[in-house]
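User: I would like to understand the terms used for this structure. Please set each value against its definition.

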Amino acid sequence: RRMINSGSVFLRYWLEAGTLKTEWYSAKFSYPVFQPNGELQQVTIKYVWTDENDKDNYGNFKKKWFKLDLTMDREILYDNPEYKQGEEPEFTVVSEVVHDLGFVQGEWFKTCDMPNSVDGYAIVADIMEFIDEVNYSISQSSTAVSFNQDPQLTFSGMTEDELNDVVRSAMKSWNLGLKGKAEFLEAGLEGVAKAMELRDKVRLNIQDITRIVLLDPDKIIGSAQSAKAMEILHGPLKDLVDELRMPMEICLKKLIMKMSLTILIADSRGIPVPIEIPAGWKPQTLDFEIEWPPIFQQTMEDLQKKVQVVAAATSANLISRESGTRYLAKDFNIDNVEEELAKIADQPVINPFGGF
């Protein structure tokens, strides 16, 4: 979510007490260095944080620096010097762990490759002015509604001297004299209603630019929608997801590869790992593929129609039963099609007419 919002994010992992732990750092505080082949060479995480356990002479919480260096052979954690505006901090090494893995324990995720930039393209990059407009509109509407909830009392038909002598009685009423009148100054809230209409139009513009399609649930809740229909209705969103899956897949494969190698190397060094590896076991390959699930899961109606199509095609000898079974294998969680066909062939024939 942070990667899509800001364009990039750094995800770090490490082994601790036999388990894999992860944490992410905002791209604003992460400074990566890449090798010529595009792999991470080093990442420095550096930012200012508020220490709520340490106060200055005025009772204010102190602001302190955080710094962590992650390299291809070690991880270095520094102390937390106090933040002073306009001054460069002097860091002292607190701990240093040498892992000698040959790669950084983490991966730099980004939405796309941009020239001369380590960051990707943020989904909010083109809608910042719209966001400002929505925030201002909501603020003004809130002010108007708040004024109506506590309206101002106005007086008429009275002189300035009479206003100075206005007395409120114990019965929670005002003594306004002979001709005085009092009423609350309230707005009709027509401006708030117009602002709500404008915000709806701005919201639609934001959806058009970001391709985040949000349909009105009241309009579609009454009718069941198939997966294909939902794909059509959410066409721009589906295109956006498909575009993001490619860079995500590249980063995920690198991260999983690093985690796998870290576990294997740690196990060979006698370090506790999260899985039990048999003695002498070696992976046959480190290559793998990432399989993405459908954006919109098919309904039972979709599955029923799919089965009907396969049944009609096999009955008409347009395709073989093996091809039909292979086509439906994922829908019925069939891993081995050949084994499934053998089971089908061994099934006893059930007499549809019953016994005589």
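This is a predicted model: local features need pLDDT of at least 70, side-chain atom pairs count only at pLDDT 80 or more; totals for chains, interfaces and linings use all residues.

User: Why is the pair of F29 and Y47 called tilted?

Analyst: Rings of Phe, Tyr and Trp (its six-membered ring) pair if their centres lie within 6.5 Å; planes under 30 degrees apart count as stacked, over 60 as edge-to-face and the rest as tilted. The centres of F29 and Y47 are 5.4 Å apart and the planes stand at 45°, so the pair is tilted.

User: What makes F29 count as buried or exposed, or in between?

Analyst: Buried means under 20% relative accessible area, exposed over 50%, and partly exposed in between (1.4 Å probe, protein chains only). F29 has 33% relative accessibility, so F29 is partly exposed. Y47, at 21%, is partly exposed as well.

User: How do you know that the charged end of K67 sits over the ring of Y78?

Analyst: The rule asks for NZ of Lys or CZ of Arg within 6 Å of the ring centre and within 35 degrees of the ring normal. The charged end of K67 is 4.7 Å from the centre of the Y78 ring. K253 lies over the face of F288, at 5.5 Å from the ring centre.

User: Which residues do ring pairs link into a cluster?

Analyst: The cluster consists of W65, Y78, Y83 and F91.

Terms used. Residues are numbered from 1 along each chain as its sequence is written. Side-chain values use heavy atoms; hydrogens and water are left out.
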